[in-house]
Amino acid sequence: MLNQKIRPFTARWHRESLAGAFEDAEACARFREELEELQEILHIYTQMLGEMAGVEKDLTEIEAS
């Protein structure tokens, strides 16, 4: 999951950030769209891991205290 989903996203946007992409509104919008897509994928992984661990509650609903 880390190498196939998270790392490509963070590596790409780190390079973009260093190049000043976040000063451009269109690039910021693309970043947010891609981040939402990544979050959806990670939510699925979280649910699967919770099921494997036998956790009854959806881990994405747990808030930090």
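View 1. I44 counts as partly exposed, because its relative accessibility is 46%. That value falls between the cut-offs of 20% for buried and 50% for exposed. This is a predicted model. I44 sits in helix 2. It belongs to a nonpolar patch on the surface.

**View 2. I6 and its contacts.** I6 is found in helix 1, which covers residues 2-18. Its relative accessibility is 23%, so I6 counts as partly exposed. Which residues does I6 contact, leaving aside neighbours within four places in sequence? They are M1, L38 and L42. Take L42: 36 residues separate it from I6 in sequence. In space, the C-alpha atoms of I6 and L42 are 8.8 Å apart. L38 has its own set of contacts, again not counting residues up to four places away in sequence. L38 touches K5, I6 and F9.

**View 3. W13 and F31, an aromatic pair.** A pair of aromatic rings is described by the distance of the centres and the angle of the planes. The whole structure holds four aromatic pairs. In one of them, the ring centres of W13 and F31 lie 5.3 Å apart, and the planes meet at 80°, so the pair is edge-to-face. W13 is in helix 1 and F31 is in helix 2 (residues 25-53), so the pair ties together parts 18 residues apart in sequence. W13 and F31 also belong to one aromatic cluster, along with F9 and F22.

**View 4. The largest nonpolar core.** Is W13 buried or exposed? W13 counts as buried, because its relative accessibility is 4%. W13 is part of the largest nonpolar core, which has five residues in all.

**View 5. The whole chain.** The protein chain has two helices and zero strands. Of its 65 residues, 9% are buried. The accessible surface comes to about 5500 Å². Carbon and sulfur atoms account for 52% of that surface. Now take the contacts between residues at least 6 apart in sequence. Of these, 33% join residues at least 24 apart.

Technical notes
Residues are numbered from 1 along each chain as its sequence is written. This is a predicted model: local features need pLDDT of at least 70, side-chain atom pairs count only at pLDDT 80 or more; totals for chains, interfaces and linings use all residues. Side-chain values use heavy atoms; hydrogens and water are left out. Helices (H or I, at least four residues) and strands (E, at least two) are DSSP runs, numbered from the N terminus. Buried means under 20% relative accessible area, exposed over 50%, partly exposed in between (1.4 Å probe, protein chains only). Contact means heavy atoms within 4.5 Å. Rings of Phe, Tyr and Trp (its six-membered ring) pair if their centres lie within 6.5 Å; planes under 30 degrees apart count as stacked, over 60 as edge-to-face and the rest as tilted. A nonpolar core is a set of buried Ala, Val, Leu, Ile, Met, Phe, Trp, Tyr and Cys residues joined through side-chain atoms within 4.5 Å. Patches are made of residues with over 30% relative accessible area and no salt bridge: like charges are joined within 9 Å, nonpolar side chains (Val, Leu, Ile, Met, Phe, Trp, Tyr) within 5 Å. Accessible areas come from the Shrake-Rupley method with a 1.4 Å probe; for residues, only the protein chains shown count as cover. A salt bridge is a side-chain nitrogen of Lys or Arg within 4 Å of a carboxyl oxygen of Asp or Glu.
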